[in-house]
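Dear colleague,

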Amino acid sequence: MKNAIAILGLALLVALPVSAATSLTGKVIALDAGHGNGETGAVGVCNGVEVIEADVNLAVRAELKALIEAGEGTVHEVAQRFSRQDRVADAESAGSDVLISIHHNGSTNTSADYTQSFVTQKNDKIFAGYIHPALVDALQLPNKGIKNDGYGMTVYGSLPGVLTESYFITNTDAVCDFLDYQSGATNTRVQKEAQAMYDGLAAYFSANTDGGGGSKGRNR
Ligand SMILES: [Zn+2]
């Protein structure tokens with residue numbers, strides 16, 4: 001009897017997968033951290049300490065990358081090139097299924113704050129329909145919607161893409177929150193934003209099982 005239980009236990013161990021597959025399994029997600037390469041993007045201040053948008057974009061990308069990899073997806077970190085057309089070309093040449101270009105907004109009004117996303121092509125709109133609402137739910141800021149506008153990242157190429165401006169990094173609360181994140185705080189905007197993007201990606205790939213990518217089947 002003891003042996004039978006041991007054998008059954010072993011059989012169960014063998015049968016269980018090492019990690020659970022998700023809708024992201026086998027997908028390639030291109031993550032573009034806006035600016036960088038000498039360009040700061042928007043600049044915010046909390047108690048005299050400056051935070052540049054490029055650093056926030058990189059932090060969100062790092063958090064999202066960890067979540068995607070835990071979900072068995074593959075992340076392609078888009079090279080921080082000067083030209084947005086070159087960034088998209090980099091994402092497409094890696095055989096990416098989708099592209100998220102991570103930005104944060106800026107204003108001279110340090111209390112301005114809302115969530116907005118940008119798309120160009122029809123497949124961008126479908127993709128953004130999963131990412132943008134997840135960001136709005138997670139951040140609980142005024143929803144300025146999904147706007148039709150180029151900004152280059154969604155104009156070029158054919159893969160579904162969205163450019164996100166999840167909140168204003170010139171907003172004083174947002175800047176202080178980012179400094180808290182850098183000091184090791186949890187449940188900050190960066191973490192909420194990355195989790196929302198992950199949830200949006202998971203929902204998108206669940207509903208669009210072929211990924212819908214224009215680069216489908218290339219460079220794999
Ligand atoms: Zn930006």
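This is a predicted model: local features need pLDDT of at least 70, side-chain atom pairs count only at pLDDT 80 or more; totals for chains, interfaces and linings use all residues.

Residues are numbered from 1 along each chain as its sequence is written.

Overall make-up

The protein holds 6 helices and 8 strands, where helices (H or I, at least four residues) and strands (E, at least two) are DSSP runs numbered from the N terminus. Read from the N terminus, the order of elements is α-β-β-β-α-β-α-β-β-α-β-β-α-α. Of the 220 residues, 43% are buried; a residue is called buried if 20 or more other C-beta atoms lie within 10 Å of its own, exposed if 12 or fewer, and partly exposed in between, with C-beta atoms placed from the backbone. Among contacts between residues at least 6 apart in sequence, 80% join residues at least 24 apart, a contact being two C-beta atoms, placed from the backbone, that lie within 7 Å.

The sheet

An open sheet of mixed pairing is formed by 6 strands in the order S4-S1-S5-S8-S6-S7, and strands are said to pair if DSSP finds at least two bridges between them. Its edges are S4 (74-77) and S7 (143-148), each of which pairs on one side only. On average, neighbouring strands are turned by 20° against each other, direction ignored; axes here are lines fitted to C-alpha atoms, for helices over the stretch in contact, and angles run from 0 to 180 degrees between N-to-C directions. Strands S1 (residues 28-33) and S5 (residues 98-105) run parallel and are joined by 5 bridges, with Ala30 standing opposite Leu99 in S5.

The helices

Helix H2 (residues 53-70) packs on this sheet, where it touches S1, S4 and S5, and its direction makes about 145° with that of S5. With 18 residues, H2 reaches 26 Å from its first C-alpha to its last, close to the 26 Å expected at 1.5 Å a residue, the expected span being 1.5 Å times one less than the number of residues. The buried residues of H2 include Ala54, Val56, Val60, Leu64 and Ile68, and also Glu53, Arg61 and Glu63; their cover includes S1, S3 (49-52), S4, S5, H5 (172-182) and H6.

The axes of H4 (residues 122-139) and H6 (residues 189-207) come within 8 Å and cross at roughly 145°. Among the residues making this contact are Phe127, Tyr130 and Ile131 of H4 and Ala196, Met197 and Tyr204 of H6. By class, the contact has 11 nonpolar, 2 polar and 5 charged residues, where Ala, Val, Leu, Ile, Met, Phe, Trp, Tyr, Cys and Pro count as nonpolar, Asp, Glu, Lys and Arg as charged, and the others, Gly among them, as polar.

Backbone angles

Most residues other than glycine have a negative phi. His35, which is not a glycine, has a positive phi of about 65°, and its place is in the loop between S1 and S2 (43-46). His35 counts as buried because it has 21 C-beta neighbours inside 10 Å. Asn37 lies in the loop between S1 and S2 as well, with a positive phi near 55°, but Asn37 is exposed, with 9 other C-beta atoms within 10 Å. Just after H2, Glu72 takes a positive phi of about 70°.
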